[in-house]
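This report describes selected side-chain contacts and strand arrangements.

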Amino acid sequence: VYDFTMNAPGRTITRSANSDSWIIGSNLHIEAGTVSFGNAYSFAAVDCDVLIGVNGTLALSSNAEGGLIVRRHLLPSGTFVTNGRRVRFEGGRNQTIGGSPAFDELMISKTGGMVTLVQDARVNGTLTLAAGKIQLANNNSLTIGAHGNITGAHAGAYIVTLGTGVLKRDSVGNTPITFPVGTETSYNPVTISNNGAPDEFRVNVKPEFDAPPSDPSRVVNRQWNIAEAVPGGSNATISLQWNSGDQGAQF
């Protein structure tokens, strides 16, 4: 179909429990009522926006194969139930995530453009960075839950913090945990292992300094900000990564 709109309070549309995919050529708009993927064991792909109004509900499938592919914006003002399924962002356009969703599985697999987080979001399972970047606009945070992880990060797929947005990871302990952050042009991850009390750590990076150095030619032109949620309980070892292009001429 082209546009798919649900606007019927108290009513539900449920996908059949088969392998037929849903292909929506424009927007999936749920203003009222529920669209349920039931036990469908195939994906639904939306070429434009997924819009969930305050009185609407979108529930993904209870089957592992019944995920959602978004090719532009995901803006859930209402109820978004992911049921452990994967939400995948793909395509060559800039995309946004709003509505403070909690994902079970999130994948970024783009041929161009960037996914911008315009409100806080959380991933309780796996964030897969296959291709393309997530940008944390303003002071928004992306939290990875205590049982979550991040896979696939590399120089072409990471989290752009812009110096104000924050990547948070719950329960950082003595197993090294990588925060795959960077600027718009450079991948600058942080790895933390904590031999003290497990804690939430928050990390961002930016290409300028709050306090300018006395000799800019002798520094790495990156400022990392690292904080723990409960001050004083950690005993952390921190590793930083930068590229030769981030260094001053006399570093």
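R169 is buried, with a relative accessible area of 7%; here buried means under 20% relative accessible area, exposed means over 50% and partly exposed lies in between, computed with a 1.4 Å probe on protein chains only. The residue belongs to strand β16 (residues 166-172); strands are DSSP runs of E with at least two residues, helices are runs of H or I with at least four, and both are numbered from the N terminus. The C-alpha atoms of R169 and I134 are 16 Å apart in space, and the two residues are 35 apart in sequence.

The model is predicted, and local features need pLDDT of at least 70, side-chain atom pairs count only at pLDDT 80 or more, while totals for chains, interfaces and linings use all residues. Residues are numbered from 1 along each chain as its sequence is written, and side-chain values use heavy atoms, with hydrogens and water left out.

## Aromatic rings and charges

The charged end of R169 sits over the ring of F179, 6.0 Å from its centre. A charge is taken to sit over a ring if NZ of Lys or CZ of Arg is within 6 Å of the ring centre and within 35 degrees of the ring normal.

Rings of Phe, Tyr and Trp (for Trp the six-membered ring) pair if their centres lie within 6.5 Å; planes under 30 degrees apart count as stacked, over 60 as edge-to-face and the rest as tilted. By this rule there are 5 aromatic pairs. A pair of aromatic rings is described by the distance of the centres and the angle of the planes.

## An open three-stranded sheet

An open sheet of 3 strands has the order β17-β19-β22, with antiparallel pairing. Because β17 (177-179) and β22 (236-240) stand at the edges with a single partner strand each, one side of each is left without a neighbour in the sheet. On average, neighbouring strands of this sheet are turned by 20° against each other, direction ignored. For such angles, axes are lines fitted to C-alpha atoms, for helices over the stretch in contact, and angles run from 0 to 180 degrees between N-to-C directions.

Two strands pair if DSSP finds at least two bridges between them. Between β17 and β19 (residues 190-194), the antiparallel pairing extends over 3 bridges. T178 has T191 in β19 as its bridge partner.

## Salt bridges

The whole structure contains 9 salt bridges, a salt bridge being a side-chain nitrogen of Lys or Arg within 4 Å of a carboxyl oxygen of Asp or Glu. One of them joins the side chains of R72 and D49 at 2.7 Å, N to O. R72 lies in the loop between β6 (68-70) and β7 (74-76) and D49 in the loop between β4 (44-46) and β5 (50-59), so this pair ties together parts that are 23 residues apart in sequence. R72 is partly exposed at 25% relative accessibility, whereas D49 is buried at 9%.

E200 and R202 form a further salt bridge, at 2.7 Å from N to O. E200 is buried, with 17% relative accessibility, and R202 is partly exposed, with 31%. The salt bridge of D215 and R218 has an N to O distance of 3.1 Å; D215 is partly exposed at 29% and R218 is exposed at 51%.

## Loop residues

T82 is located in the loop between β8 (79-81) and β9 (86-91) and is buried, with a relative accessible area of 5%. Its side chain makes a polar contact with the side chain of D104 at 2.5 Å. A polar contact is a pair of N or O atoms within 3.5 Å; within protein, one must be able to donate a hydrogen and the other to accept it, and residues adjacent in sequence count only if both atoms are side-chain atoms.

Most residues other than glycine have a negative phi, and most peptide bonds are trans. S100, which is not a glycine, has a positive phi of about 55°. S100 lies in the loop between β10 (95-97) and β11 (102-117) and is partly exposed, with a relative accessible area of 43%. N138, also a residue other than glycine, has a positive phi near 55°. N138 lies in the loop between β12 (121-136) and β13 (141-144) and is exposed, with a relative accessible area of 57%.
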